[in-house]
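Morning, everyone. Please look at the screen while I talk you through this one.

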Amino acid sequence: MAIIIIPTPLRKFTSNTAKVSLSANNVKGVIEELTINFPDLKKHLLDEKGNIRSFVNIFVGNEDIRNLQQEQTTIKEETIISIVPAIAGGIHS
Amino acid sequence: MLLIEQKPLDEMIAGAVQTYPDECCGFFFGKEKPGERIITKILEVNNSKEGDKRRRFEISPRDYLKAENYADENELLLLGVYHSHPNHPAVPSEHDRMAAQPYFSYLIISVKEKEILGIRSWQLNGNFQFEEEKINHYKTNKIKWQS
């Protein structure tokens, strides 16, 4: 099973679990499975259309899925998937 | 309540002054108990924003992962993110709010050249709005940083 690493700010929605094992075989399936197991995560990962929010990065191994096949990126057994929140900001424009 | 030990406080202030007029940014780590967080360590990272770093900051995903790993390896909690607002108050902008994560403390340092005009910290509430959290340390107003 693939392992998804939950970033610190989202662990309060996974009962403080940092690593979750999932059986889906692509990124889209992994996110769906994760949000079924932990429904409070959904609004932090997906927008109202069900797409991965723009401030959320998903890494498969060391690669951003934007450089792979996006949500269709295949997940193999023992793949490590990381949810990486985008950290940005700045002064009033 | 956010308690900041002197060393990480000094390091954040030094970063804000040295990076001026650009925005500095980094992570902080420590421990927490109900109602209280203690910052014991910081990790300053590169402002990876392409474009106007005087008004914007961005932290690369790889630096984020580095911070998570650092927390794991040192048995500390990754408690939040700090950044500076050059020539502007230590109040989060809409841009700050849009990108903010739950749980994290967002500490903002208002800086003008070598003078720290204020340090304030903010957290998202359940409605995705910022609420200020108290900081317990001393001399955060009008600190003259000495090189």
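Let me start with a definition: a residue is buried if 20 or more other C-beta atoms lie within 10 Å of its own, exposed if 12 or fewer, and partly exposed in between, with C-beta atoms placed from the backbone. Now apply that. Is A:Thr17 buried or exposed? A:Thr17 has 11 C-beta neighbours inside 10 Å, so A:Thr17 counts as exposed.

Some ground rules. This is a predicted model, where local features need pLDDT of at least 70, side-chain atom pairs count only at pLDDT 80 or more, and totals for chains, interfaces and linings use all residues. Residues are numbered from 1 along each chain as its sequence is written, while chains are lettered from A and ligands numbered from 1 in the order in which they are written.

Back to A:Thr17. Find A:Thr17 in the loop between β1 (2–5) and β2 (19–22) of chain A. Helices (H or I, at least four residues) and strands (E, at least two) are DSSP runs, numbered from the N terminus. What does A:Thr17 contact, leaving aside its neighbours within four places in sequence? A:Ile6 and A:Arg11. Contact here means C-beta atoms, placed from the backbone, within 7 Å. From A:Thr17 to A:Gly29 is 12 residues in sequence and 19 Å in space, C-alpha to C-alpha.

Compare B:Glu5. B:Glu5 sits in the loop between β1 (2–4) and α1 of chain B. B:Glu5 has 14 C-beta neighbours inside 10 Å, so B:Glu5 counts as partly exposed. Not counting residues up to four places away in sequence, B:Glu5 touches B:Ile39 and B:Thr40. B:Asn136 is 131 residues from B:Glu5 in sequence, yet 9.4 Å away in space, C-alpha to C-alpha.

Next, chain B as a whole. Chain B has 3 helices and 10 strands. From the N terminus on, the order is β-α-β-β-β-α-β-α-β-β-β-β-β. Its C-alpha trace spans about 35 × 35 × 30 Å along its principal axes. Of the 147 residues of chain B, 41% count as buried. Take contacts in chain B with a separation of 6 or more: 60% come from residues 24 or more positions apart.

Zoom in on helix α1 (residues 6–19) of chain B. Why does its length make sense? At 1.5 Å a residue, its 14 residues should span 20 Å, and its end C-alpha atoms are 20 Å apart, which agrees. The expected span is 1.5 Å times one less than the number of residues. The buried residues of α1(B) include B:Leu9, B:Met12, B:Ile13 and B:Ala16.

B:Phe27 touches, among others, B:Ile42, B:Leu43 and B:Val81.

Last stop, the two chains together. How many residues of chain A are in contact with chain B? 20 residues of chain A meet 23 residues of chain B. On the chain A side, β6(A) gives the largest share, 4 residues. 4 bridges join β6(A) to β4 (residues 56–59) of chain B, and these strands run antiparallel. Strands pair if DSSP finds at least two bridges between them. In β4(B), B:Glu58 is the bridge partner of A:Ala88.

Key: Contact = placed C-beta atoms within 7 Å.
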